[in-house]
Amino acid sequence: MQQDTTHVDTPQSDMASEAYLAQLKATFEQLPNDIPLYLFAAKGHEDVFTQANRQVIRAFRQLSGKINLREYDLDHELAKKWNVTSSPTLLIAPERFSIRWLGAPMGEEARTLLETLILVGLGKSNLSEQSLNVIKKIDSPRNIKVFVSPTCPYCPQEAVNAVKAAVEMPELISLEIIDIQCEPELANQYAAQSVPQAFANDVLIGQGAQPEEVFILSLNKLEPQTIFIPDSDAELVETDLLIIGGGPAGLTAGIYAVRSGLRTAVVEREALGGQVATTPVVENYPGFTSVGGKTLVDVMVSHALQYVQIFQGEAVMELHAAKPITVMTNRRKFLTKSVLLATGATHRHLNVPGESRLAGRGVSYCSTCDGPLFKGKKVVMVGGGNSAVTEALHLFHMGVDVTLIHRRDKLRAQDFLAKQLSDNNIAVLWDTEIKEIRGEERVEEILVVNNKTNETSIVETSGVFIAIGYTPAVELAQKLGVEVTPDGYIQHDGKHRTNIPGVYSAGDVEGGFKQIVTASGQGAEAAMTIFEDLINPYWLK
Ligand code: NAP
C-alpha cells in the first residue's frame, strides 16, 4: 500500500513522547526549504491570541531551525505590502505562498499548522493524483476562507485541504484560516456560526469536513459537491477485512483483526473517533475517571495505528457485495474478502421549519465545535438524554447562557448528570417543544409550545443546539442489501454477521446500549467472528 511519506499523525498522547518528537525532527530535517513565519499584531495590544501564536510557534521551532519567526506591528510597511489588517495575523512563507491565520493555531489547529509547516518546507502540496487532475482545471483566482475553532476535531481536515490547494497553486489560490473565537465579527459577516465552513470567492463551498477530492472539486466548481468518483486508474488495495468507520468499534476491530493476522484497513470520512471526538467529557470508560472525548480518541487512535492502516478523510462512494467485495472511496478502490460496517449514527434532526435553512447559522449539532462562538450569548439546548445534558453543562462552563428544552417533565439522562444540571442552576423548559426556528441570516428566535397547556411563546436565542439522539447510518448497508430492523438498525445474528456473507456490523449502527465501551466490545467480537469465518467460511458450507 502506498503511504504519504510526509503525513504525520499527531495524537496528543504521543506529543510528549521522545520517539514521536524524534520522528517529527527527522521529518523536518529532510525538508528542503526554510519556513519563515511573520506574526503581525497591533502595537501595545498583547492579547491571548498573539501570546498563543508565540507559544505554539516556540514549540514547533524546537523541532527545526528551519522555522523562523519575525514579529511586526500592524503599521509596519510589510503589513501594507501583504495587506495585513487584522491582529494577530500569522503569515506562512509569504514570499512564496498566500496562507494566513487570523487568530492563532491553537488546540486542534496545531495539527493544521504542523501539516502546513511540513508542506511549505517541502514546497509540495501532496495532493492525491485524483485531486491534482481536478485542481489543474482551475484557471482563475480563488480566495479561500476556512472558519475553524480550536476545539473542533473536524476542522484540521478541511483546513489542510485548503492549505494543500494554496501550496499547489500559489499564483491563483490564497487562503485565510479564521479562528471564529478571535474573529467573531468576520464569522458574523459570513453568517458562519458552525465550523468548519469553507468559502471560496465569498461563496460557501463546504460545511463540515470534506474528503480532499470533494473539497478540490467544490473549489473548482465554486459550489459544494458531495460525490467524487476516482478515475479508473485509482490505486487498488487488497485486504482481508475493510472496516468502514473509525469510531471505537472500528478502531478496536482494527486492532483485533491485525493481531489475528488479517490484512486490514480502516476508512473514515471525517474525524476519527466518531461521536466520542466531540463528547466534552467521558466519565464511564474504564481506566479513565474523567477524560475529554477527544483525548480518549487520541489514545485509541495512537494504539490502533500501531497495528492497522487508517485512511482518514476517505468516504465510501460505491460498494458491491459480489466477491471479492469492491469498495470505492474518493481516492482508491479496495478489493476485500470481508467488510465490517462500523458506520455509527448521525445526529437526529428536529425536522421543524427553519432547522435546515439555519444549519451552520446558529443551528448546531456540535457544542464542542461551535460553542466558543456563543460565549456570553443566549442559546437553547434541545433534548433530555445524556448527550443534551452533558453538552448543556459544557456550554454553561464555557460561559454560554444556556437553557435546556425538553419535551417531557423528566430527563432521560443519568441521575448523576441531571444533578449537575440543577447544582449549576441551569434553566430548563419542561414539556416544551420547538415548533419553528426563525431568523433571516441567522437564528434570532424560536417558537415553542408547552405540550401540556398548548400555550405557545417566542424565545429569543442566538443558537439552537440539538442533541436528541442519533439515527443509525445505514445507507451503505442498504446499498449492499443488508437487512435492517424495524427501528432502522443493522440486523445481525448475534455474532455480528449480516444477511450478506462477508458483511458484518459493530457499534451504534447495530443499536443496543450505544456506549463507548460496548461499541469497542462489539468491534472486538466482530473481528474475532470475521477471523474465524475467513479461515472457515460458513458461506461455502
Ligand atoms: P437519547 O438517549 O436517545 O436521548 C434523546 C433525547 O432527545 C431524549 O430525551 C428524547 O426525549 C429527546 N428527543 C428525541 N427526539 C426528539 C424530538 N423529535 N424532539 C424533542 N426531543 C426529542 O440520545 P443521546 O442523549 O444522544 O444519547 C445517545 C446514546 O449515547 C445513549 O445510549 C446514551 O446513554 C449514550 N451517551 C452516554 C453518555 C454518558 O454515558 N456519559 C453521554 C452521551 C451519550 P424523550 O426522553 O422524551 O424520549
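Good morning. The structure is a predicted model, in which local features need pLDDT of at least 70, side-chain atom pairs count only at pLDDT 80 or more, and totals for chains, interfaces and linings use all residues. Residues are numbered from 1 along each chain as its sequence is written, and side-chain values use heavy atoms, with hydrogens and water left out.

I begin with the whole chain. It holds 16 helices and 25 strands; helices (H or I, at least four residues) and strands (E, at least two) are DSSP runs, numbered from the N terminus. The radius of gyration is 24 Å, close to the 24 Å that the globule rule gives for 541 residues, so the chain is as compact as a globular protein of that length. That radius is taken over C-alpha atoms, and the rule is 2.2 Å times the number of residues to the power 0.38. Along its principal axes, the C-alpha trace spans about 75 × 60 × 45 Å.

How much of the chain is buried? Buried residues make up 57% of the 541 residues, where buried means under 20% relative accessible area, exposed over 50%, and partly exposed in between (1.4 Å probe, protein chains only). Of the contacts with a separation of 6 or more, 68% are between residues 24 or more positions apart; a contact means heavy atoms within 4.5 Å.

H11 covers residues 293–305, which is 13 residues. From its first C-alpha to its last it reaches 18 Å, close to the 18 Å expected at 1.5 Å a residue; the expected span is 1.5 Å times one less than the number of residues. Among the buried residues of H11 are Lys 294, Asp 298, Leu 296 and Val 297.

In the loop between strand E10 (264–268) and H11 we find Asn 284. At 44% relative accessibility, Asn 284 is partly exposed. Not counting residues up to four places away in sequence, Asn 284 touches Gln 414 and Gln 515. Asn 284 and Val 517 lie 233 residues apart in sequence, and their C-alpha atoms are 8.4 Å apart in space.

Finally, is Asn 220 buried or exposed? Asn 220 belongs to helix H9 (residues 212–221), and Asn 220 is buried, with a relative accessible area of 18%. Leaving aside residues up to four places away in sequence, Asn 220 touches Val 134, Lys 137, Ile 138 and Arg 142.

Thank you for your attention.
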